[in-house]
Amino acid sequence: MKFLPIFLDVNDRPCLVVGGGKVAARKVALLKRSGADVTVVSPTLCAELANLCDKGGIHHKAREFDDQDIQGRVLVIAATDNESVNHKVSELATNMRIPVNVVDTPALCSFIVPSIVDRSPVQVAISTGGASPVLARLLRARIESFIPAAYGRLASLVDEFRQKVKDRFTESDQRRYFWESVLQGRVAELLFAGRDKEARSALEEAIDDTSQSYETQGEVYLVGAGPGDPDLITFRALRLMQQADAVVYDRLVSQPVLDLVRRDAEMIYAGKERDNHTLSQESINELLVRLAKEGKRVLRLKGGDPFIFGRGGEEIETLAEEGIPFQVVPGITAAAGCASYAGIPLTHRDYAQSCIFVTGHLKDGSVDLDWERLAKPAQTIVFYMGLHSIEILSRELIAHGLPETTPVALVQKGTTPEQRVFIETLGSLPALVKKKELRPPTIIIVGEVVQLQKKLRWFGMHGAEQN
Ligand code: SAH
């Protein structure tokens with residue numbers, strides 16, 4: 001993060017705007033909306049700003065900027081078209097440790113002004129750290145379109161009843177569950193439908209309703225996080241990620257996905273790098289049980305899909321034995337995600353009528369596969385965890401009848417900005433291992449469909465690398 005996002009209380013506080021043009025007018029209007037005590041210094045004012053000043057509540061000093069103007073301000077904005085004045089304002093304010101913004105000149109600013117979605121008291125501030133104000137505006141337009149205007153009214157209603165709810169529910173977890181149910185339930189729906197009165201009575205009823213329990217009941221959500229790109233998680237996964245109290249995640253779960261988890265959830269890394277198991281499977285199973293028994297909503301977040309080479313089954317078996325409620329949310333498995341992002345259809349009428357997912361790594365470290373069943377024509381094979389068995393799988397598939405020329409794709413870190421695709425053939429695979437640095441996670445796709453990649457690839461800056 002290049003900037004610390006904060007919301008500043010400028011109500012009744014002295015703020016200074018130097019400049020009298022249109023840009024200054026916009027800044028003055030913004031400060032006024034936040035209740036600031038605004039002084040404008042400028043010999044002349046544009047019509048817009050003159051208009052604002054005429055409405056009252058703004059001090060206008062019709063003269064050039066003077067060093068003394070900075071004194072006692074809590075915030076200063078320079079918006080003149082005179083560079084040396086802007087410079088001077090910035091320098092003086094900086095020396096006095098007063099937050100200063102010089103419009104369109106990041107180098108002279110100690111703070112920047114975000115794009116704002118205003119549903120007061122709800123506010124969303126967007127910044128690109130000065131990189132692209134246009135992008136911030138575009139993003140703002142999108143956010144505007146999916147935050148209902150009624151959010152402001154909803155927040156005001158909540159604010160009004162906050163103390164009452166605090167008195168009624170003394171435990172902070174209980175309060176949170178109460179508010180989650182209110183804000184995702186009938187009260188919010190009534191308000192969005194413009195039925196504010198009914199929303200208010202529904203909220204009052206909910207507070208008084210002693211039959212409803214907001215006791216913490218432990219539960220485990222076994223959730224597939226997909227192969228890496230955060231856009232590929234499901235709506236349901238996102239919702240559960242936002243309400244979890246504790247998160248147990250694997251190495252495969254990408255940082256951008258983790259960034260979507262509720263900020264104050266307890267994060268527990270369960271690791272699992274090949275040959276370097278951070279937590280044994282048994283300890284993970286026990287951990288999930290313990291956390292749920294403490295009454296926590298536990299998010300067990302796994303790369304890809306939890307039921308495809310993810311040991312999800314083993315984990316919920318333990319939960320089922322212990323009588324702990326759980327739910328399973330599918331994710332896009334690496335084979336599907338990587339194939340799509342590499343431009344390789346796993347089946348295709350002209351090339352493959354079936355597709356088979358296999359693991360190249362067994363529990364005891366060996367590779368013991370039914371090669372005969374794999375080496376079939378018109379079939380795509382996807383190897384998970386196959387990096388260490390590349391030589392074996394190339395040798396065995398050839399020995400069992402697949403031509404040496406069968407195309408093979410290796411997709412590394414698929415669906416992420418670091419995705420790399422290597423196109424080989426079964427015959428050239430072993431040499432590749434020696435030549436290139438192959439890193440996990442990599443998925444190996446074998447079959448005639450791989451030829452289509454040349455035509456259908458679409459994702460990523462690196463494109464495909466032909467050896
Ligand atoms: N449950 C996961 C698979 C876990 S096994 C899923 O459904 O995807 C781990 C293997 O998945 C890795 O060794 C690698 O072969 C594959 N894999 C997972 N994410 C990947 C990615 N982003 N790119 C390439 N391969 C990936």
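A: Helices (H or I, at least four residues) and strands (E, at least two) are taken here as DSSP runs, numbered from the N terminus. The model is a predicted one, in which local features need pLDDT of at least 70 and side-chain atom pairs count only at pLDDT 80 or more, while totals for chains, interfaces and linings use all residues. Residues are numbered from 1 along each chain as its sequence is written, and side-chain values use heavy atoms, with hydrogens and water left out.

Ser115 lies in strand E6, which covers residues 115-119. With a relative accessible area of 14%, Ser115 is buried, where buried means under 20% relative accessible area, exposed over 50% and partly exposed in between, for a 1.4 Å probe and protein chains only. Contact means heavy atoms within 4.5 Å, and, once neighbours within four places in sequence are set aside, Ser115 is in contact with Val124, Ala125, Ile126, Ala136, Arg137 and Arg140.

Turning to the cysteines, the structure holds 0 disulfides, a disulfide being a pair of cysteine sulfur atoms within 2.5 Å. The sulfur of Cys15 is too far for a bond, because the closest cysteine sulfur, in Cys53, is 14 Å away; Cys15 is itself buried, at 0% relative accessibility. For Cys109, the closest cysteine sulfur is that of Cys15, at 15 Å, and therefore too far for a bond, while Cys109 is buried with a relative accessible area of 18%.

In helix H9 (residues 235-243), the buried residues are Ala237, Leu240, Met241 and Gln243. Their cover includes helices H6 (172-183) and H10 (255-258), together with strands E8 (219-224), E11 (297-302) and E12 (326-329).
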